Amino acid sequence: MGQLRIVIETPEPVRLCDYLRRQTGVSARLLTQLKQSPEGILCNGVPWRTVDLVRAGDVVVLTMPEGRGLEPNPALRVPAVLETAHYIVYDKPTGMPVHPSAKHRRDTLGNYFAACMPSHTFRAVNRLDRDTSGLCMIAKDAYTAGALQGKLDKRYYAVLCGRLTRDGTISAPIARAEASIITRCVREDGQPAVTHYRVLGGSPDYTAVEIRLETGRTHQIRVHFAHLGYPLAGDDLYGGSCRDIDRQALHCGRLFWRDPVTGQPCSAVSPWRREMQQLVPQVQLDWRNLNEEDCEF
């Protein structure tokens, strides 16, 4: 089980539940789970109730409850880019789902995580489509999962069919296509969706772009660029040509976040795959020196 150590900083005594909710973002649900464990909440080494007062300098330790895990599959291999006591960032390969499903019960990132960390529950902070490669963060405890939810600043890299020459923003609502449980489309009655992109260069047939999302709708990047007339290379679901690549050319290449325990800014990088680079050999990115200021939109 994972633990979270918190040093109380408050000018006046305050109820522990109020401090945890307001200052550290612990959810009401997690507090309920912690209270059910005899040593789920300790203050200065002593079991503590959430209604008890805490003072400046007190050390509170939360022992995170763990639920039932997934079936482990130690035969899988997924490289880790960065790991702390509270989360791990994987570099997911294309073709691997993040979560198990009816058709993918043992070949997912969740199955690999379960094999590596059998005492932890699988909690994906960000999710990628099966055929999207790149960075995927997994929280090791419920607090970290809640604290980082919606707080990751992601940068995607895609190769589009056709020659796009200008940076821009796509603002178009996305809805589920009629008679389909998978395909999405742009439709007036859909959910608001905004995609910012920057052109990195390309060839006569393809364009490389860097992407930042304001919203996180299902298939948002794929739907928006298909709507614009530049579908992702290899994305046959939305009209992309598979002539030169056998996967959808979409990669989560960078993550930025603030560590929920230390408060320090953090980042992770994953260069896009060789098959994407080969479509646009004119575009050469120095992944080692990329920083957040390089991709302002």
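Predicted model: local features only at pLDDT ≥ 70, side-chain atom pairs only at ≥ 80, totals over all residues.
Two residues are in contact when they have heavy atoms within 4.5 Å of each other.

H3 spans residues 109-116, and because six of its eight residues are buried, the helix is largely enclosed by the rest of the structure. The buried residues are Leu 109, Gly 110, Asn 111, Tyr 112, Phe 113 and Ala 114. Their cover includes two strands, S8 (87-92) and S10 (133-139). Where H3 starts, Thr 108 places a side-chain oxygen within 3.2 Å of the backbone nitrogen of Gly 110.

What does Trp 257 touch, leaving aside residues up to four places away in sequence? Its contacts include Leu 82, Tyr 87, Val 89, Met 137 and Leu 148, and also Gln 264, Pro 265 and Cys 266.

The remaining feature is open space. The largest pocket holds about 1,400 Å³. Its lining comprises 46 residues, and those closest to the pocket's centre are Leu 128, Asp 129, Arg 130, Thr 218 and His 219. By type, the lining has 18 charged, 14 polar and 14 nonpolar residues. At least two lining residues come from each of strand S11 (153-161), strand S16 (206-213) and helix H5 (220-228).

Definitions and conventions:
Residues numbered from 1 in each chain as written. Heavy atoms only, no water. Buried < 20%, exposed > 50% of the residue type's maximum accessible area, 1.4 Å probe, protein only. Helix = DSSP H or I, 4+ residues; strand = E, 2+ residues; numbered from the N terminus. Polar contact = N/O pair within 3.5 Å; in protein donor to acceptor, adjacent residues only side chain to side chain. 1 Å grid on protein atoms, 1.4 Å probe; cavity = no way out; pocket = protein on both sides within 12 Å on 5 of 7 lines; lining within 4 Å. Points joined across faces, edges and corners; volume = space filled by probe spheres on them. Nonpolar A, V, L, I, M, F, W, Y, C, P; charged D, E, K, R; others polar.
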